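Reader: I would like a close look at a single part of this model, the surroundings of the ligand. Please take me through that part and then through the elements that connect with it.

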Amino acid sequence: MEDEKQVPTDVAYWHDIYRVTDDLLRPGISVDESQRMYDQWAKMGTYDALAVESKYYTAHDQIILGILSMYPVRRDIRILDVGAGTGLVGERLRNLGFERVDALDPSAEMLRSAAKKGVYERLIHSFFTNDPIKDVDEGGHIFVCMRAENLEICSEYNGRWQPFVTRLQQEGKWRLVSECKYPQHYFHFDGLRLIYQVTKNERNI
Ligand SMILES: C[S@@+](CC[C@H](N)C(=O)[O-])C[C@H]1O[C@@H](n2cnc3c(N)ncnc32)[C@H](O)[C@@H]1O
């Protein structure tokens, strides 16, 4: 297995990383373009080192803290890691004893990196659908981590996320269990962790 590369310390490298990730959030960027960038980033082979060693990225650890807060003891639950990337979440879950974990990601290169870790049961090469409830059993949980300011600055979220959440609540399909802000989601940007519990799934009726 190819060794993960170390994070270079030169300024040019950091400039490139910052530019790539800034570009990813460019208003109007197409899905194709952002996917090409994720593929490219995975191929660079430094994603994990950047996230883990640099401490400039904490979303994967925040997801784990959320899961452990709901499942401190049980390890038999099935988990779908949406946007699994290189598999940082899956790796941590496996180390904690969770063995029934699948990865879903539309980037073939990201998924290839995740596969190398050997911690997922299934690797699903796909975009996530707009129906978060569909694959979750009643009583199961949905864990979301995002850059907090995205709710305001991204057109995909602004004016859309809150009505979507409220509609599912009003339809009795999920309830908000916890909401917390945390620092350094990515570089100096705060993160937002949301935990929902699925209360009704038409699939089960
Ligand atoms: C910043 S990475 C995060 C990877 C991993 N969760 C982590 O914490 O390191 C975002 C990942 O989400 C994936 N992604 C982007 N749009 C997606 C979508 N609509 N459905 C599922 N995954 C998506 C990207 O391909 C990329 O691998």
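**The shell around the ligand**

Author: In this predicted model, the residues that make up the shell around the ligand fall into 12 nonpolar, four polar and one charged. There are 17 residues around the ligand, and those that come nearest are His60, Gly83, Gly85, Ser107 and Phe128.

In general, two packed helices are described by the angle between their axes and the distance between the axes. For H4 and H5 the packing angle is about 40°, and their axes are 9 Å apart. Angles under 35 degrees count as roughly parallel and those from 65 to 115 as roughly perpendicular, and H4 and H5 are therefore oblique to each other. The crossing in which H4 passes H5 is right-handed.

Within H5, the buried residues are Leu88, Val89, Gly90 and Leu93. As a general point on spacing, an α-helix has 3.6 residues a turn, so residues three or four places apart point the same way. After H5 comes Gly97, which has a positive phi, near 105°.

The strand that contributes to the shell, E2, belongs to an open sheet of three strands, whose order is E1-E2-E3 and whose pairing is parallel. The edges of this sheet are formed by strand E1 (79-82) and strand E3 (123-125), and each of these has a single partner strand, so that one side of each is left without a neighbour in the sheet. On average, and with direction ignored, neighbouring strands of the sheet are turned by 20° against each other. Strands of a sheet pair, in general, through backbone hydrogen bonds, either parallel or antiparallel. Between E2 and E3 the pairing is in the parallel sense and extends over three bridges, and Asp105 has His125, in E3, as its bridge partner.

For a view of another part of the chain, one may turn to Asp23, which is found in helix H1 (residues 11-24). Asp23 has 12 other C-beta atoms within 10 Å and is exposed, because a residue counts as exposed if 12 or fewer such atoms lie within that distance of its own. Although Asp23 and Glu33 are 10 residues apart along the chain, their C-alpha atoms are separated by 9.8 Å.

Methods: Residues are numbered from 1 along each chain as its sequence is written. This is a predicted model: local features need pLDDT of at least 70, side-chain atom pairs count only at pLDDT 80 or more; totals for chains, interfaces and linings use all residues. A residue is near a molecule or strand if its C-beta atom, placed from the backbone, lies within 6 Å of it. Ala, Val, Leu, Ile, Met, Phe, Trp, Tyr, Cys and Pro count as nonpolar, Asp, Glu, Lys and Arg as charged, and the others, Gly among them, as polar. Two strands pair if DSSP finds at least two bridges between them. Helices (H or I, at least four residues) and strands (E, at least two) are DSSP runs, numbered from the N terminus. Axes are lines fitted to C-alpha atoms, for helices over the stretch in contact, and angles run from 0 to 180 degrees between N-to-C directions. A residue is buried if 20 or more other C-beta atoms lie within 10 Å of its own, exposed if 12 or fewer, and partly exposed in between; C-beta atoms are placed from the backbone. Angles under 35 degrees count as roughly parallel, over 145 as roughly antiparallel, 65 to 115 as roughly perpendicular and the rest as oblique. A crossing is left-handed if the near helix is turned anticlockwise from the far one by less than a right angle, and right-handed if clockwise.
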